Amino acid sequence: MTAKRALITGITGQDGSYLAEFLLSEGYEVFGLVRRSSTINYERIAHIQDDIHLISGDILDQTSLQKALITSRPEEVYNLAAQSFVQTSWQQAVFTGDVTAIGVTRLLDAIMTVNRDIRFYQASSSEMFGKVVESPQKETTPFYPRSPYGVAKVYGHWITVNYRESYNLHATSGILFNHESPRRGLEFVTRKVTYHAAKIKLGLANKLPLGNLDAKRDWGFAGDYVRAMWLMLQQDTPDDYVVSTGKTHTVQNLVECAFGCVGLNWQDYVYQDPNFMRPAEVDLLIGDSSKAKDQLGWEPQVQFEQLIEMMVEADLKLLQDAHNLP
Ligand code: NAP
Ligand code: GDD
């Protein structure tokens, strides 16, 4: 039997790297779309680079998407490419819309042109729930986005639903709550905190500026969440699914946990910096993923405390290696 083929946009990102690893372990031939930059940024996929195929392209460039589909001939396409940092979406609102919203339509149109049998996954987000109208949030909860990023993701979600209903595409939207890992970008709050806790412990820094400590998030492990993406595309019928842990913690809980891992009192180092406050905040996210549990058999394996400990340990090792510390 020939291997299944999958194309991942955003393969150089956190989720792209875990999904590529997972699909390889399932026997897939994996293709990844990578955009041109003056410096190569393949750190997250360096360890599997010989096992995957990278194709040059950009979610902003329609022709490159069509060519990528023609070259890779995938059965499954996972659209993870996005300007994914909420804070930046206020500084670059139009760009965020072009990449994170219209990019989805470009890819769906490319699928329509090249092969309508391709199964499509859209990386939707709990940011779409924004100023939440009910808790916990589930597939039927109305959206109320609070950032240009959240607005762009609402567009991406609905265009996916619309192409499914208009053209009968196997197009699925995974509404994923925050998920983290040692590969998380340094600008996101979990990694910023675990990295700084490790730095302070090793005597390489002595303070950590943060924004809103009261925001609550439903944080899970990225390795668990990419498995849910794949399970969604194995279903006979495309649909929408919430993926979450069902537990919520404040940013302060996160800080306490990370500094606790290295035996430090967070209050000696953390201070509030208005630069990290947002023009509009998402105060509370907590997801109900019972549909994913019932229909996909998916459940998270890694708990919040384990996740933060894993990230702190990885950051300690990273910094010790980089600075030649015992
Ligand atoms: P990430 O680490 O920021 O990765 C984003 C990826 O998109 C990178 O590979 C990036 O490439 C690529 N990309 C950006 N602009 C592009 C363009 N114009 N053309 C092609 N590729 C482009 O994000 P992530 O955490 O892995 O998240 C993956 C997806 O899930 C995103 O769509 C995100 O919005 C969504 N999501 C994430 C979470 C979460 O908690 N992580 C939750 C819900 C939804 P470069 O490396 O070249 O920048
Ligand atoms: N980044 C950051 N930096 N966030 C901070 C800081 C800080 O110094 N201080 C407090 N926060 C608060 C933010 O205001 C927000 O309420 C929360 O920490 C989480 O921020 P991020 O880690 O940047 O993630 P996010 O929730 O805005 O967005 C992430 O999750 C979404 C899913 O809900 C991203 O991965 C999005 O791409 C994803 O869709």
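1. Some ground rules to start. Residues are numbered from 1 along each chain as its sequence is written, and chains are lettered from A and ligands numbered from 1 in the order in which they are written. In this predicted model, local features need pLDDT of at least 70 and side-chain atom pairs count only at pLDDT 80 or more, while totals for chains, interfaces and linings use all residues; side-chain values use heavy atoms, with hydrogens and water left out.

2. Ligand 1 is surrounded by 24 residues (a heavy atom within 4 Å). The closest are Thr12, Arg35, Asp58, Ser84 and Tyr149. By type, the shell holds 9 nonpolar, 10 polar (Gly counts here) and 5 charged residues.

3. Look next at the backbone. A nitrogen atom of the ligand lies 3.0 Å from a polar backbone atom of Ile59. Of the 900 Å² of accessible area that ligand 1 has on its own, the protein covers 90% (Shrake-Rupley, 1.4 Å probe).

4. Strand E5 (119–125) is one of the elements giving two or more residues to this shell, and its 3 residues are the largest share.

5. Thr96 sits in helix H4 (residues 93–114) and counts as buried because its relative accessibility is 0% (the cut-off is under 20%, with a 1.4 Å probe and protein chains only). Its contacts (heavy atoms within 4.5 Å) beyond four places in sequence include Gln83, Pro148 and Tyr149.

How values were computed:
Polar contact = N/O pair within 3.5 Å; in protein donor to acceptor, adjacent residues only side chain to side chain. Helix = DSSP H or I, 4+ residues; strand = E, 2+ residues; numbered from the N terminus. Buried < 20%, exposed > 50% of the residue type's maximum accessible area, 1.4 Å probe, protein only.
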